[in-house]
Amino acid sequence: MHIRESWLWLMAITCIFFWGGNFNAAEAIAGDVPALTAAAERFVIAAAILLLLRLMRGRGESILSANQQLWLIALGGLGVFGFNYAFFLGLQQTSALNGALIMAASPLVTNLLSVWILGTRMRWISVLGILVGLAGVSLVITGNQWQSIQVAKGDLYMLVACLCMCSFTVLSKKHAAAVPPMQLTRWTITVGTLMLCVAALLVEQPLKQIPALSLHTHLLLVYMGVFGTFVAYAFWLQALQGIGPDRLSLCFNLVPVFTLLISLVMGHYPNAAQMVGMMLVITGVMLGSGLFRRLVTPGLGFQKSN
């Protein structure tokens with residue numbers, strides 16, 4: 001199946017929009033439900049949708065080798081369970097500001113892992129895009145108030161979360177490129193969901209806490225499960241196979257931008273430094289993705305990708 005690269009970029013940006021919205025939704029329910037319980041319910045919803053779609057489809061899928069199955073289990077543990085567990089542990093012991101700054105290093109970390117694991121080459125324009133985007137992310141998150149940054153123990157957990165997501169992105173390209181995106185999404189989310197459920201049962205009391213949640217909290221978790229998980233992971237893995245992790249990772253810089261824009265709609269207004277930061281992030285993504293070069297070079301359009 002051939003999908004135009006422009007559509008793949010649109011899918012990736014849509015995914016990042018939903019992931020950015022997850023921060024707003026998670027902030028709204030932070031005091032209502034423990035972290036692992038919230039993550040477990042969110043991913044149970046996504047896994048249920050994926051399994052239902054598989055049953056409705058009826059047709060056979062790619063026959064996976066034992067090696068592919070092992071890698072999909074590892075990817076689910078890394079990109080779903082590992083990322084979410086480290087992320088929530090980190091936010092319990094550090095500020096959202098510190099955590100967001102650490103996650104802003106994702107494009108750089110992903111590119112370095114791509115060079116090491118996939119043997120890709122970092123183009124100067126990609127390096128420039130990463131640096132411009134990183135500067136923009138810093139302004140978006142801090143509002144140029146650097147004195148508010150403090151080092152906390154949870155920063156280590158956030159670094160682990162960053163490494164988990166970046167490794168998931170690169171290793172999916174290396175070891176699961178032949179697996180259809182929806183099959184890959186179902187496997188990784190289902191495996192990660194099972195791990196999150198076990199962890200929640202061991203650490204928290206989800207069977208008592210979930211029935212006591214308000215309708216508002218459940219609706220936000222449904223949003224996170226349907227759009228912030230099911231749709232987002234499916235779009236991300238589809239775009240990953242067509243674009244590659246080295247360029248696609250630049251989209252991570254848009255997460256705080258979308259989070260800030262959603263906050264704006266909710267009545268929380270950014271300052272001038274944050275507005276400049278959003279423009280820098282968008283510029284960095286355009287530079288590193290090659291979109292800027294295509295816009296200024298006549299006759300040079302997006303090519304089709306597998």
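Visitor: Which helix does L8 lie in?

Guide: L8 lies in helix α1. The helix numbers come from DSSP: a helix is a run of H or I of at least four residues, a strand a run of E of at least two, both numbered from the N terminus. One caution before we go on: this is a predicted model, where local features need pLDDT of at least 70, side-chain atom pairs count only at pLDDT 80 or more, and totals for chains, interfaces and linings use all residues. Residues are numbered from 1 along each chain as its sequence is written, and side-chain values use heavy atoms, with hydrogens and water left out.

Visitor: Is L8 buried or exposed?

Guide: Buried means under 20% relative accessible area, exposed means over 50%, and partly exposed is in between, using a 1.4 Å probe and protein chains only. L8 sits at 0% relative accessibility, so it counts as buried.

Visitor: How far apart are L8 and L248 in sequence and in space?

Guide: Their C-alpha atoms are 9.6 Å apart, although 240 residues separate L8 and L248 in sequence. For the chain as a whole, 90% of the contacts with a separation of 6 or more are between residues 24 or more positions apart. Contact here means heavy atoms within 4.5 Å.

Visitor: What does the overall chain look like in terms of helices and strands?

Guide: Count 14 helices and two strands. Of the 306 residues, 52% count as buried.

Visitor: How do I read two packed helices?

Guide: You describe them by the angle between their axes and the distance between the axes. The axes are lines fitted to C-alpha atoms, for helices over the stretch in contact, and angles run from 0 to 180 degrees between N-to-C directions. Take α1 (residues 5-29) and α10 (residues 215-243): their axes are 8 Å apart, at an angle of about 150 degrees. That makes α1 roughly antiparallel to α10. The cut-offs are under 35 degrees for roughly parallel, over 145 for roughly antiparallel, 65 to 115 for roughly perpendicular, and oblique for the rest.

Visitor: Which hand does the crossing of α1 and α10 have?

Guide: α1 passes α10 in a left-handed crossing. Left-handed means the near helix is turned anticlockwise from the far one by less than a right angle; clockwise makes it right-handed. By class, this contact of α1 with α10 has 24 nonpolar, seven polar and one charged residues. Ala, Val, Leu, Ile, Met, Phe, Trp, Tyr, Cys and Pro count as nonpolar, Asp, Glu, Lys and Arg as charged, and the others, Gly among them, as polar.

Visitor: Which residues have the most contacts inside the largest nonpolar core?

Guide: A nonpolar core is a set of buried Ala, Val, Leu, Ile, Met, Phe, Trp, Tyr and Cys residues joined through side-chain atoms within 4.5 Å. The largest one here has 65 residues, and I16, W19, Y233, W236 and L248 have the most contacts inside it. Leaving out residues up to four places away in sequence, I16 touches W236, C251, F252, L254, V255 and F258. There's also a second, separate core of eight residues, including A25, I29, A38 and M224.

Visitor: Where does T185 lie?

Guide: T185 is in helix α8 (residues 181-203). With 0% relative accessibility, T185 counts as buried. Again skipping residues up to four places away in sequence, T185 touches L50, Y233, A234 and L237.

Visitor: At what angle do α8 and α10 cross?

Guide: They cross at roughly 130 degrees, with axes that come within 9 Å. That makes α8 oblique to α10. This crossing is right-handed. On the α8 side, the residues that meet α10 include T185, and Y233 and A234 are among their partners in α10. The contact divides into eight nonpolar, five polar and no charged residues.

Visitor: What about α5 and α7, at what angle do they cross?

Guide: Roughly 40 degrees, and the axes of α5 and α7 (residues 154-175) come within 9 Å. α5 and α7 are therefore oblique to each other. α5 passes α7 in a right-handed crossing. Residues making this contact include V109 and L113 of α5, and C162 and V170 of α7. By class, there are nine nonpolar, five polar and two charged residues.

Visitor: How does V115 count, by its relative accessibility?

Guide: V115, in helix α5 (residues 106-118), has 36% relative accessibility and counts as partly exposed. Compare M158 in helix α7: M158 is buried, with a relative accessible area of 0%.
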